[in-house]
Structure formats: structure tokens, C-alpha cells
Amino acid sequence: ETVKTPVATQKITYSIKNACLRAMVEATISSNMTNQINTLIQNVFGNSTKLNITFVDVDNLPTNVDGYTNIHGGIVPGPLTVPIPLATPPLPSFSQQYIARVIMHEALHAYLTAMGTSESQQHESMMINYVTQMAISLQQMCPGLSSSDAQNLALGGLQVSSTFQNTIETDMALSGSFMATNMAYSEGSLGLRCTF
């Protein structure tokens with residue numbers, strides 16, 4: 001069953017069976033949220049007849065992939081539908097903070113595609129332009145999340161960007177903190193877990 005989020009033109013949809021992932025997509029990407037990342041996504045996908053974003057849960061992603069954005073070559077004539085598969089397992093067993101970051105990260109891929117950013121430049125653009133906004137958005141969603149944890153979570157998935165490799169990886173203190181934080185909020189015990 002496909003359920004539509006309460007946005008004006010109903011262009012952000014999800015077809016997610018897992019209750020935890022469904023709740024997290026609703027909490028992260030909804031018309032009621034006013035955080036910076038959600039506002040970007042809503043402005044492009046929530047009010048357009050030419051751009052659609054669809055979240056689904058799947059159980060066949062590689063073990064090191066939490067989710068991905070199926071871009072289909074970028075903007076083409078006619079409506080652009082961007083499916084975003086989310087991995088189950090293991091994503092529902094991770095913290096809500098970590099899951100929200102994955103959803104934001106993948107939705108940003110859809111946003112950047114809609115803005116014409118090439119697939120090869122998207123992680124670099126996220127690293128330079130959106131990490132701070134993601135961290136602030138995570139803190140707005142998750143009161144009590146520290147600035148450093150939010151920043152480290154927001155960096156998740158950006159390890160292949162040259163900016164990450166030239167700034168974070170070369171500083172062992174930053175690199176160690178990044179890896180430890182992401183492990184603690186995914187496979188570890190930090191963060192709020194779904195109870196259903």
C-alpha cells in the first residue's frame with residue numbers, strides 16, 4: 001500500500017512496510033517539518049508536478065549500503081521520479097538519529113539531481129554546502145543531540161568526496177571521532193531506537 005505524506009501536491013510518497021522506517025520518513029520528510037534540509041526537499045519535490053520522490057524499503061541492498069537514490073540519469077523530458085530504497089535489514093535496528101541522516105542524505109541526492117548537479121559531484125556538494133544544514137536539522141529533530149555528534153552523523157556517506165579525504169581523513173582526531181560516532185549510532189548503543 002502506498003501512503004502519501006500530507007503535502008500540497010502529494011508528490012513525496014512512500015511505500016514502506018517496515019513501521020520504523022515509515023515513521024522515520026514521515027518524521028524526516030514531511031510538510032510539517034521546518035528544518036533546513038526538509039525545506040529544500042519540500043520546495044522541490046513537495047510542490048512540483050514534474051518531480052516525484054518515492055521512498056521504499058528493500059531487503060536486497062549490499063550489506064554496506066543503508067540506502068541509495070536511483071537517479072536514472074538526471075533531468076529528462078517529462079516527470080522525474082526518484083525512487084529511494086532504504087535497507088531493511090539492518091537500518092531499522094539503528095538509531096533514529098542515524099536513520100534520519102540516511103533519509104536526509106538520500107533526499108539531498110534527489111534534490112541535487114533536480115537542481116542539475118551531476119552524480120559525480122553530489123557528495124562533494126553535500127560535503128561543502130549541506131553538512132552544517134544536515135547537522136542543524138538533526139538537532140532540531142532530535143533534541144539533546146550534541147553538535148559534534150550531529151556533525152559527525154551528517155558526514156556519514158561522504159567519505160568518497162575529495163573534501164572529506166583532504167580534511168577529515170588526514171586528521172586522526174576528526175577521522176576517529178567520525179567513525180566512532182557513526183558506529184555508536186548505528187550498530188552501537190547511542191541514540192533512540194524504534195520500539196516497534
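Me: Which residue lies over the face of Tyr98?
Reply: That's Arg101, at 4.9 Å from the ring centre. Keep in mind that this is a predicted model.

Me: Ok. How many aromatic pairs are there?
Reply: The count comes to three. One of them is Phe94 with Tyr98: the ring centres are 5.2 Å apart and the planes sit at 85°, so the pair is edge-to-face.

Me: And are Phe94 and Tyr98 buried or exposed?
Reply: Buried, both of them.

Me: What about Tyr111 and Tyr130, how are those rings arranged?
Reply: Edge-to-face, because their planes are at 85°, with the centres 6.2 Å apart. Tyr111 is in helix 3 (residues 96–114), while Tyr130 sits in the loop between helix 4 (122–129) and helix 5 (131–141), so the pair ties together parts that are 19 residues apart in sequence.

Me: What's the relative accessibility of Tyr111?
Reply: It's 11%, so Tyr111 counts as buried. Tyr130 is buried too, with a relative accessible area of 11%.

Me: Switching to packing. At what angle do helix 3 and helix 8 pack?
Reply: About 110°, and their axes are 7 Å apart. Helix 8 covers residues 172–186. The two helices are therefore roughly perpendicular to each other.

Me: Which residues meet there?
Reply: From helix 3 you have Gln97, Tyr98 and Arg101, and from helix 8 Asn182, Tyr185 and Ser186. By type, the residues of that contact split into two nonpolar, three polar and one charged.

Me: Now helix 4. How many of its residues are buried?
Reply: Six of the eight, so helix 4 is largely enclosed by the rest of the structure.

Me: Which ones are they?
Reply: Gln122, His123, Glu124, Ser125, Met126 and Met127.

Me: And what covers them?
Reply: The cover includes helix 3, helix 5 and helix 7 (162–167).

Me: Last topic, Ser15. Where is it found?
Reply: In strand 2, which runs over residues 12–15. Ser15 is partly exposed, with a relative accessible area of 24%.

Me: How far apart are Ser15 and Val56 in space?
Reply: They're 5.0 Å apart, C-alpha to C-alpha, although 41 residues separate them in sequence.

Terms used: Residues are numbered from 1 along each chain as its sequence is written. This is a predicted model: local features need pLDDT of at least 70, side-chain atom pairs count only at pLDDT 80 or more; totals for chains, interfaces and linings use all residues. Side-chain values use heavy atoms; hydrogens and water are left out. Rings of Phe, Tyr and Trp (its six-membered ring) pair if their centres lie within 6.5 Å; planes under 30 degrees apart count as stacked, over 60 as edge-to-face and the rest as tilted. Buried means under 20% relative accessible area, exposed over 50%, partly exposed in between (1.4 Å probe, protein chains only). Helices (H or I, at least four residues) and strands (E, at least two) are DSSP runs, numbered from the N terminus. A charge sits over a ring if NZ of Lys or CZ of Arg is within 6 Å of the ring centre and within 35 degrees of the ring normal. Axes are lines fitted to C-alpha atoms, for helices over the stretch in contact, and angles run from 0 to 180 degrees between N-to-C directions. Angles under 35 degrees count as roughly parallel, over 145 as roughly antiparallel, 65 to 115 as roughly perpendicular and the rest as oblique. Contact means heavy atoms within 4.5 Å. Ala, Val, Leu, Ile, Met, Phe, Trp, Tyr, Cys and Pro count as nonpolar, Asp, Glu, Lys and Arg as charged, and the others, Gly among them, as polar.
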